[in-house]
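Subject: Structure handover

Hello,

Here is the structure you were expecting.

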Amino acid sequence: MNLMRLSLRNARRHPRRMLLTGLAVGIAVAAVTFMDAYVKGFTESILETFVQLEAGHIKIVPLEAADRSRPLPLEKGIKQISEIVSIAKSTPGITDVSPRIRFPVLLERGSSSIPALGIALSPSREKRLMSIDELVTEGSAPSDSAWDVALGFKLAEKLGIGIGDELFMVTTDSYGGLGPGLYRVTGIIRTGVGYIDKKTFYVPLLAGQEQLYMDDMAMEVVCRVEDGLDGAKPVAERLNEDLKKAGRSDVVALPWQEQGTLYRMMATAKIVGPVIMLLLGLIALTTVVNTVLMSVMERTREIGMLRALGFERGTIVKLLLGESLVIGIAGTFFGLVLGLAVSLLLQHTGIDFSGAMENIEWPMKPILYPDPSVMTAVKAAIFGLILTLVAAWYPARKAVKLAPAEALRSN
Amino acid sequence: MKIIPIILILLTISIILPCQAQTAAEWIEKLDKQMFYQSAEYTALMTVHSPGGTDRYFRMQGKVVGDQFALMEYLDPPRQRGTRYLKRDDNLWIYFPRQDRTMQIQGHMLRKGVQGGDMSFEDMTESSSLLEKYEALLIGETDTTVTIMLESHDMTVSYPFREILIDKRTVIPIRIVNSGVGRMPIKEIITLATKRFGDRIYPVSTEIRSLLVKDKWTRFDIEEMKFGVNFPEDTFTKKMLER
């Protein structure tokens, strides 16, 4: 207890130096707090959008498509899709199943063409998957049996059409012929995801199948799992067994983690946090080391005196570490308050990346919301305290290595 | 007695010389003339064979005036029934009856195969004489056939190289190989059958084979054909296309 009081008194002997060191620790802790909350918010946002708009919890695709980054041509889609749907529906753990067809099309406007992506799906089956009703901000979602279309608001603007207008398109059908489709615009979609708002439209599955000459065919079947994201892998394994038993080895069920490169990218994003934490730690470490080292060098005679008075080496190390800890606690507290305040403020207002995200084809909303949590604060606090103790360790060890007589002789 | 060999030699010369005098350009001119008609009306069956053995059949009815105007309508299958094409010079429109919409086929669409087959819309719109865009070179000749290589430096043509094997007697192309840049063969057109219509012989069964995709071909079988038909003035108009 006395040692702690002594550490506290020593730490206050140089208030400017203490402030500077505390500030370095504080800024590092604040940056770590914010970074942790930001990475968490980023990965959660991208995952939520990816699962909702693209992957589902599980996606059944043609075997040939499993290892491809580019989409398969329509003629290589899944045949006898109703059989696949009934197999998936009967697999325990799966609550919703919905086939989809993605097809590229050039939409004509006067003499120019606008590249777009059509997605044919069953709005009623997608209620708990894509939830197209929630994406539609104006008008209503297409109905299952009509030639309705809901399209991104920017695409609608480019085409100069709105609710109630007709949209005529001709695309290549699954046989390579021309597939015409005449739709009525029922809904305008505003997701905030650049490529959805700018170039995507949704049509009912039945109409899409007819236009694309894909009777009882689809390009993918998206499934929702009762246990959510964590339950996807085991259910996908079970589904693959069921598909194999039914003789459908032409398709494969992929949990969201195995679809595309997004999961790998997210894993990379998760590494970025610790790397930044390490870099910030190194910067703060040098400042703290410098401060404690200076403090030790200035007090060489004092340390020699303490040693001559019978203070043990371990006690002096504890004394110096205690001094650093005092600065560390103050800096960490300041950093936590600053980091959490910034994170909480931005959690409320969001960080707008609209300009940068406009042309990026990621299922990512342009406004990111950091997501601070208790764990964020705990991690940052541990980081701040360990940082100061590690930084003080070397100068403290150096100080006690001096012989008391030699220390007393120094100026 | 010496007179007989002399007559034989003269006869041989009189037969061979005109044939030798036929240049590649003259053969192409003859071919253009043989294949050209003022007007015709036909019904035909198009078979599109896809790799893996799927055959799709399209019955169609067409009216043609020279190489400038054509109007074609699908009679079968039900999905395509009533779909019409109108060609006027180098322009092509398609009318979709179920949507009651017409669109002009242009740009990237021209490269697409009709009904996913091996004949592209670009092939359909081609109307100028071969000699207008190609230089002809005679590259082979037998007693019954002649082989001409057509080469074009015009960047707008679909195929910079075309090798045509012509039957000397009928002046019908037996086989055409269309090649792209670097002389890479793209498709082959083979005449499977011909039929005499009055004083002219015309191909009635033609197969277009893809040389890029294995086991992919499109066949046209003309079921009925009538030459020299007079069509009403408004036959090849958008009004008739959308009627």
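Below are my notes on chain B, then on chain A.

First, the ground rules. This is a predicted model: local features need pLDDT of at least 70, side-chain atom pairs count only at pLDDT 80 or more, and totals for chains, interfaces and linings use all residues. Residues are numbered from 1 along each chain as its sequence is written, chains are lettered from A and ligands numbered from 1 in the order in which they are written, and side-chain values use heavy atoms, with hydrogens and water left out.

Chain B overall

Chain B has 5 helices and 13 strands. Both kinds of element are DSSP runs, numbered from the N terminus: helices are H or I with at least four residues, strands are E with at least two. Along the principal axes, the C-alpha atoms of chain B fill a box of roughly 80 × 40 × 35 Å. Chain B has 243 residues, and 46% of them count as buried. Buried means under 20% relative accessible area, exposed means over 50%, and partly exposed is in between (1.4 Å probe, protein chains only). The accessible surface of chain B is about 13200 Å², with 56% belonging to carbon and sulfur atoms. Accessible areas come from the Shrake-Rupley method with a 1.4 Å probe; for residues, only the protein chains shown count as cover.

Take contacts in chain B between residues at least 6 apart in sequence: 44% join residues at least 24 apart. Contact means heavy atoms within 4.5 Å. On charge, chain B carries 33 positive and 33 negative side chains. The centres of the two sets lie 4 Å apart. Lys and Arg count as positive, Asp and Glu as negative; His and the chain ends are not counted. The place of a charge is NZ of Lys, CZ of Arg, CG of Asp or CD of Glu.

Backbone points in chain B

- B:D76 and B:P77 are joined by a cis peptide bond, with omega about 0°. B:P77 sits in the loop between β3 (69-76) and β4 (84-88).
- B:D89 is not a glycine, yet its phi is positive, about 55°. It lies in the loop between β4 and β5 (91-96). B:D89 counts as partly exposed because its relative accessibility is 37%.
- B:V171 is not a glycine either, and has a positive phi of about 55°. Its loop runs between β9 (161-167) and β10 (173-179). At 8% relative accessible area, B:V171 is buried.

One more loop residue: B:D234, between β13 (217-227) and α5 (238-241). B:D234 is partly exposed, at 30%. Leaving aside neighbours within four places in sequence, B:D234 contacts B:K239 and B:M240. Its C-alpha is 30 Å from that of B:I201, 33 residues away along the chain.

Chain A

A:E54 is in helix α2 (residues 15-55). A:E54 is buried because its relative accessible area is 17%. Beyond neighbours within four places in sequence, its contacts include A:K59, A:R100, A:R102 and A:E220.

Which residues gather in a patch of positive charge on the surface? They are A:R313, A:R397, A:K398 and A:K401. Patches are made of residues with over 30% relative accessible area and no salt bridge; like charges are joined within 9 Å, nonpolar side chains (Val, Leu, Ile, Met, Phe, Trp, Tyr) within 5 Å. A salt bridge is a side-chain nitrogen of Lys or Arg within 4 Å of a carboxyl oxygen of Asp or Glu. Helix α13 (residues 374-401) gives the most to the positive patch, with 3 residues. A:R313 is placed in helix α11 (residues 313-349), and is partly exposed at 44% relative accessibility.

Best wishes
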